[in-house]
Amino acid sequence: RQFIAEIKFNNEQNQTPFTPVITTALRSAAHSIDLAMYSIDTPVLRDELYAAARRGVTVRIIVPANKSEQHKRLFTNIPQNVSITTVGKQDSSSPDASLMHHKFVLIDANTTQPTAITGSVNWTKLQELFDPSFLLITHDQTVAKLYEEEFNRLISGASGVTKVRTSGYRPWAAQLTYQNGTLELWWSPGVGEHTIKRRLIDLIAGAQHSIDVMVWQITDRDIANALILKARQGIPVRIITDDFNAWRNSSVVPMLLHASQSITGNTLEILDDTARTIDFSNTIKPYLPSNQPDFNSFFHHHAILVDKTTLMAGTNNWSYQANYRNDESAFVTTMPNLVQSYQSSFDYHYLTLRGRLLDATILEQTLYVKSANEYQGNELTVVSEYIGNPPSATVCYNTTLHSNELSTILPVGCKNHVLNVYVVGKNGEIIANKLIGTLAP
């Protein structure tokens with residue numbers, strides 16, 4: 001049989017492609033709705049859950065303890081047939097904390113016509129509008145059954161590391177074979193080498209032609225070293241990550257960027273989404289609440305594409321906590337439609353955030369840009385990205401390009417920071433870009 005699934009993205013800001021899909025699914029419920037969601041603040045979707053309960057559908061909701069205040073504000077006047085279970089610890093920063101980080105809903109899971117929806121998107125207004133994410137929608141009975149088993153573990157009290165001791169729990173939940181490809185389902189926490197991390201590193205090691213990454217957070221040095229090794233072997237590795245996490249003290253993005261500067265052939269390339277944060281096109285700010293003038297759009301993917309034939313995606317960040325403590329899910333698939341859809345999303349963001357590769361280097365305190373005449377009349381903008389907690393990004397230099405080559409001593413505001421060098425068009429679009437490391441004092 002064929003595996004039938006649809007995957008959706010919110011690549012462009014201020015669009016709402018997810019809510020109609022979720023709403024339609026909730027309205028189709030005849031028996032049950034089981035929702036495990038890390039964060040939800042959308043009254044529209046809450047009201048759909050309540051409406052389903054009022055027509056007799058059993059609605060069970062699992063949310064994490066560390067978001068309890070947010071969810072108490074949302075879930076008021078709870079009707080009959082709705083139960084809300086909180087799991088995990090209130091203090092998510094404690095060393096032994098585990099997060100219920102799932103993002104899935106099951107409609108009529110134990111029937112012959114179930115719906116399973118999962119992805120990297122939380123049910124929050126700002127995430128759908130501004131944070132690139134994805135949803136996977138399927139009516140496959142086997143997949144729905146596996147997610148229902150995970151839901152029942154959580155609601156029975158087996159979450160985080162306690163889940164590992166539950167009878168029948170396996171991080172590698174299933175490997176399914178269909179006429180149109182394979183599908184593996186994985187859970188966290190992992191056990192020993194049986195982890196999403198180990199599967200990810202194996203995928204990286206097996207790459208023959210290309211690796212494309214979209215990841216919100218990466219702190220795991222083993223994963224970083226696996227990517228560096230493939231780049232040194234001549235396999236092109238392209239990474240798009242989030243500037244909110246990229247320059248924090250725990251991040252390995254600086255390690256990746258440093259390694260990229262010693263690898264010939266530009267086979268290791270790192271981009272972040274600073275352009276969305278700085279917002280060259282000024283399309284985000286008019287839609288933000290007045291009390292959030294400094295909103296940072298999250299690049300909320302946790303995915304890798306290998307050789308344009310295999311996709312791994314899910315909820316888990318590339319971190320110790322995600323692999324060994326949190327409740328997470330990931331899938332690995334060779335289904336052509338899913339792989340190609342995700343590849344198209346990667347390509348969109350890559351072109352939007354990078355444009356062409358800018359031939360720019362830094363030597364001592366001087367920025368050199370070659371072939372600048374290609375960009376005559378456009379703006380050269382240098383963004384200083386601060387490494388630390390909290391990270392920050394500010395424009396530290398700006399000029400209009402005229403000559404064939406530009407060499408300029410950058411101002412003090414550019415020093416000691418990672419620098420993102422952009423050529424920006426008249427309409428705010430990125431024509432060329434290069435993330436080029438730190439300018440020494």
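Q: Which residues does Tyr342 touch, not counting residues up to four places away in sequence?
A: Leaving out those sequence neighbours, Tyr342 touches Ile7, Phe9, Phe134, Met214, His301, Ala303, Leu305, Leu311 and Ala313. Touching here is a contact, meaning heavy atoms within 4.5 Å. A word on the ground rules: this is a predicted model, local features need pLDDT of at least 70, side-chain atom pairs count only at pLDDT 80 or more, and totals for chains, interfaces and linings use all residues. Residues are numbered from 1 along each chain as its sequence is written, and side-chain values use heavy atoms, with hydrogens and water left out.

Q: Which residues of the largest nonpolar core touch the most other members?
A: Of its 50 residues, those are Phe3, Phe134, Val143, Leu183, Leu311, Phe331 and Tyr342. A nonpolar core is a set of buried Ala, Val, Leu, Ile, Met, Phe, Trp, Tyr and Cys residues joined through side-chain atoms within 4.5 Å. A second, separate core has 39 residues, including Ala226, Leu227, Ile228 and Trp247.

Q: What makes Cys396 and Cys414 a disulfide?
A: Their S to S distance is 2.0 Å, and the rule asks for a pair of cysteine sulfur atoms within 2.5 Å, so the pair qualifies. The count by this rule is one disulfide.

Q: What is the handedness of the disulfide of Cys396 and Cys414, and why?
A: The torsion about the S-S bond is about 105 degrees, so the disulfide is right-handed. Cys396 sits in strand 20 (residues 392-400), and Cys414 in the loop between strand 21 (406-409) and strand 22 (418-424), so the pair ties together parts that are 18 residues apart in sequence. Strands (E, at least two residues) and helices (H or I, at least four) are DSSP runs, numbered from the N terminus.

Q: Why is Cys396 called buried?
A: Cys396 has 16% relative accessibility, and buried means under 20% relative accessible area, with exposed over 50% and partly exposed in between (1.4 Å probe, protein chains only). Cys414 is buried as well, at 0%.

Q: Why is helix 1 called roughly parallel to helix 2?
A: The axes of helix 1 (residues 18-27) and helix 2 (residues 43-54) cross at roughly 10 degrees and come within 9 Å. Angles under 35 degrees count as roughly parallel, over 145 as roughly antiparallel, 65 to 115 as roughly perpendicular and the rest as oblique, so helix 1 is roughly parallel to helix 2. Axes are lines fitted to C-alpha atoms, for helices over the stretch in contact, with angles from 0 to 180 degrees between N-to-C directions. Thr19, Ile22, Thr23, Leu26 and Arg27 of helix 1 make the contact with Val44, Leu45, Glu48, Leu49 and Ala52 of helix 2.

Q: What makes helix 6 roughly parallel to helix 7?
A: Helix 6 (residues 196-205) and helix 7 (residues 221-232) pack at about 5 degrees, axes 9 Å apart, and that angle makes them roughly parallel. Lys197, Leu200, Ile201, Ile204 and Ala205 in helix 6 meet Asp222, Ile223, Ala226, Leu227 and Lys230 in helix 7.

Q: Asn266 and Asp307: buried or exposed?
A: Asn266 is exposed, at 53% relative accessibility, whereas Asp307 is buried, at 17%. Asn266 has a positive phi, near 55 degrees, without being glycine, and Asp307 has a positive phi of about 55 degrees.
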